[in-house]
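Subject: Structure handover

Hi,

Here is the structure for your files. My notes on it follow below.

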Amino acid sequence: MKRKHIVRLSDILDQIQSYLPGCDTYLVEKAYVYAAKAHANQIRRSGEPYLSHPLAVAYILALMKLDLPTIAAGLLHDTVEDTDISIQDLEQIFGKEVAEIVDGVTKISSLPLKGKIYKEAENFRKMILAMANDLRVVLVKLADRLHNMRTLEFQPEHKRQRIARETLEIYAPLASRLGIDWIKQELEDLSFMYLYPEEYRKLKQEVEKVVAARQNFIEEVIQILKDILKREGIEGRILGRRKHLYSIFRKLQRNNLSTDELYLIYDIIGLRVIVKEIKECYEVLGIIHSLWRPIPGRFKDYISLPKPNMYQSLHTTVIGPGGRQMEVQIRTEEMDRIANEGIAAHWLYKEQKIISADSAKSHQFEWLKRLVELQKELKNPREFIESLRMDLFPDEVYVFTPNGDIKVLPRGATPIDFAYTIHTEVGHHCTRAKVNGRLVPLDYQLETGDIVEIVTSANQRPRRDWLKFVKTGRARSRIRQWLKREEHERIMITGREILDKEFRKYKSSIGVFLDSPQAQKVAKAFSFKSVEDLILAVGFGRLTPSQVVRKFLHSQEEKKAPEEDLENITRKATITEKSDEIFSVAGEHGLLFHLSRCCNPIPGDEVIGYITRGRGITVHRIDCPNLKTLDPERRIEVSWETNDGAVYPARIAVFTMDKKGMLAAISSAISASEANILQADVKTTPDKKAIFHFLVEVSDKGHLDRIFTNVKQIEGVIRVQRLLS
């Protein structure tokens with residue numbers, strides 16, 4: 001994957017003329033001149049003029065055969081973000097259409113300082129809304145990301161890792177959803193190269209060997225098929241198809257195979273037969289199955305049941321000459337074009353119409369409509385990013401309702417996911433499921449072709465353990481919303497109990513308080529809109545019950561705490577509200593949280609909260625053994641928020657061979673991971689092993705994982721593990 005030469009304007013114009021012959025390219029030329037002036041004094045990290053980037057983006061868009069406003073927007077896509085030019089300036093000079101595409105691509109710059117995850121989520125929200133109105137926005141974004149990935153070597157290491165991870169989790173699946181296969185494959189392979197450089201290098205070498213070894217076999221099969229098609233009077237092309245590296249890597253992982261076992265992957269090289277008409281696809285399939293024995297369960301008909309990204313083809317796996325397995329794909333010329341170009345090949349572009357999620361065929365863009373719904377529902381940035389990644393995952397199954405309606409779900413989806421696609425209430429009250437007429441457990445993984453029937457009960461409610469196996473963002477968000485409402489009710493009960501207990505110390509009760517007209521005044525005195533909000537704050541631990549009671553009974557001097565004590569209590573609550581913004585509960589912020597010392601959770605850990613009476617919420621890791629001894633009714637779901645710059649203690653154990661220099665080597669690896677060592681201890685064992693215990697400061701789980709990776713690379717290290725305390 002070598003970088004191409006710097007693109008020139010003439011390259012873009014020549015490419016445009018190849019698919020829009022004789023068109024007036026003035027808009028693109030005007031955008032080039034404008035971009036050249038705007039970026040005149042800017043240089044990329046590679047040392048090239050900054051203009052080389054928008055030129056490359058515009059050329060990629062031209063390769064996708066897009067319209068002139070899109071290519072002009074590609075040339076101008078960084079002008080608003082990186083110069084003093086405004087969207088209004090672009091609209092005045094280039095028109096509303098170009099300006100809106102650029103605006104959709106431009107990141108939000110004026111965001112409040114709430115951390116990287118918040119900014120990342122808000123920028124994705126903006127992109128999703130923009131692409132729902134005009135899909136050309138995401139095509140420009142993909143072209144921009146592709147060129148940035150091609151030049152990623154010039155970024156510092158930490159940025160390379162972050163950008164490659166984001167590309168693999170968001171942008172490559174987006175390209176797949178839109179059916180642009182060549183962009184998806186290149187993004188995946190580039191991300192693979194930067195995220196797993198050693199695995200990439202070794203796999204690339206081994207694949208070249210396998211391809212060379214199987215070349216004669218493929219050529220032999222191609223010739224056999226050519227002769228038969230000619231005899232049958234079917235015109236067509238027969239090609240060898242090579243699986244891209246990241247796809248092979250994923251298949252090795254799924255099958256728990258090493259690179260040395262690459263020979264077990266039979267479809268590294270396959271065949272693709274491209275014919276003129278649909279009926280010929282099925283004729284060729286019959287010929288192939290009559291020549292070679294098909295493998296049961298390996299036939300897929302994406303012609304009669306296309307994928308949501310418009311992909312159509314027949315896939316079959318057969319036992320070929322010499323007993324070798326081989327995969328064959330059969331499609332028409334038009335299907336092949338759509339398989340490579342995806343949405344960019346759609347007929348709407350030929351008519352120069354803007355594609356939106358509403359104007360396009362609904363089943364093709366159902367996923368985009370789901371994303372628009374999710375960004376409205378999920379205010380927590382981490383939940384939104386998590387659901388975004390889940391809903392973009394490309395592997396899907398096609399299942400049916402009892403009435404024959406098709407539902408498209410991610411691979412691994414369960415009857416619960418299916419129920420929530422029908423209706424939220426069906427999901428909430430799902431108690432049993434029948435697949436193909438037989439009862440199955442609710443965590444059963446659905447397969448393509450399954451007919452699913454949901455049995456509901458008015459007494460059923462969503463359960464927290466459903467979150468462990470549901471696969472769709474819709475199901476996850478609906479379950480969490482219900483649990484949050486339930487938690488609010490439980491916290492209200494807890495708040496009332498705590499207040500009532502405190503009132504009884506003064507020979508009163510919460511009933512007296514709630515019936516009093518003074519209750520609303522007390523709520524307002526603590527800056528709450530209602531008495532209910534006040535009680536919730538007590539249940540959450542945001543206010544102490546004594547603060548509320550003393551405010552209510554302020555006229556009884558003998559029962560009132562000294563002003564100094566009350567002032568200290570209030571000050572403590574205020575400090576907590578300002579500093580402890582690393583968690584939220586059901587969208588509530590500024591609550592009183594304590595990190596449990598028994599398990600030392602850090603950002604990125606799966607955690608659960610425990611409501612203590614009057615002392616806020618203690619946060620435990622989900623695997624903390626002490627949770628078993630705590631009242632399950634007082635557990636509450638909590639969400640990590642951002643807290644940039646904060647560090648957290650984490651205890652780790654390193655098991656090594658007992659040899660000189662190990663302490664220094666491990667300490668050096670931890671320091672190289674930008675972590676501070678607070679404590680170190682070592683002991684040796686009779687079998688010539690050593691165990692090192694470290695207390696380190698980390699920013700989050702990803703930071704801890706980097707430490708583990710660096711330490712594991714030290715010769716003599718046997719294993720590294722995290723300790724609870």
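This is a predicted model: local features need pLDDT of at least 70, side-chain atom pairs count only at pLDDT 80 or more, and totals for chains, interfaces and linings use all residues. Residues are numbered from 1 along each chain as its sequence is written, and side-chain values use heavy atoms, with hydrogens and water left out.

Helix packing first. Helices (H or I, at least four residues) and strands (E, at least two) are DSSP runs, numbered from the N terminus. Helix α11 covers residues 181-195 and helix α12 covers residues 197-232. Their axes come within 5 Å and cross at roughly 120°. Axes here are lines fitted to C-alpha atoms, for helices over the stretch in contact, with angles from 0 to 180 degrees between N-to-C directions. α11 is therefore oblique to α12 (under 35 degrees is roughly parallel, over 145 roughly antiparallel, 65 to 115 roughly perpendicular, the rest oblique). On the α11 side, the contact (heavy atoms within 4.5 Å) is made by Asp189, Phe192, Met193, Tyr194 and Leu195. On the α12 side, Pro197, Glu199, Tyr200 and Leu203 make it.

Next, the rings. The whole structure holds 10 aromatic pairs (Phe, Tyr or Trp rings, the six-membered one for Trp, with centres within 6.5 Å; planes under 30 degrees apart are stacked, over 60 edge-to-face, the rest tilted). One of them joins Phe192 and Tyr196: tilted, 6.3 Å centre to centre, 55° between the planes. Phe192 is buried, at 0% relative accessibility. Tyr196 is partly exposed, at 24%. The cut-offs are under 20% relative accessible area for buried, over 50% for exposed and in between for partly exposed (1.4 Å probe, protein chains only). Ring pairs also link Phe192 and Tyr196 with Tyr200, Tyr246 and Phe249 in a cluster.

Two charges sit over rings (NZ of Lys or CZ of Arg within 6 Å of the ring centre and within 35 degrees of the ring normal). Arg324 lies over the face of Phe217, 5.0 Å from the ring centre. Arg719 has its charged end over the ring of Phe655, 3.8 Å from the centre.

Now a hairpin. Strands β19 (residues 676-685) and β20 (residues 689-698) pair antiparallel over 9 bridges; pairing takes at least two DSSP bridges. Thr685 has Lys689 of β20 as its bridge partner. Between the strands are 3 residues, and Lys688 takes a positive phi near 60°.

Last, Thr494. This residue lies in helix α21 (residues 473-505). Thr494 is buried, at 7% relative accessible area. Thr612 is 118 residues away in sequence, yet 9.4 Å away in space, C-alpha to C-alpha.

Best wishes
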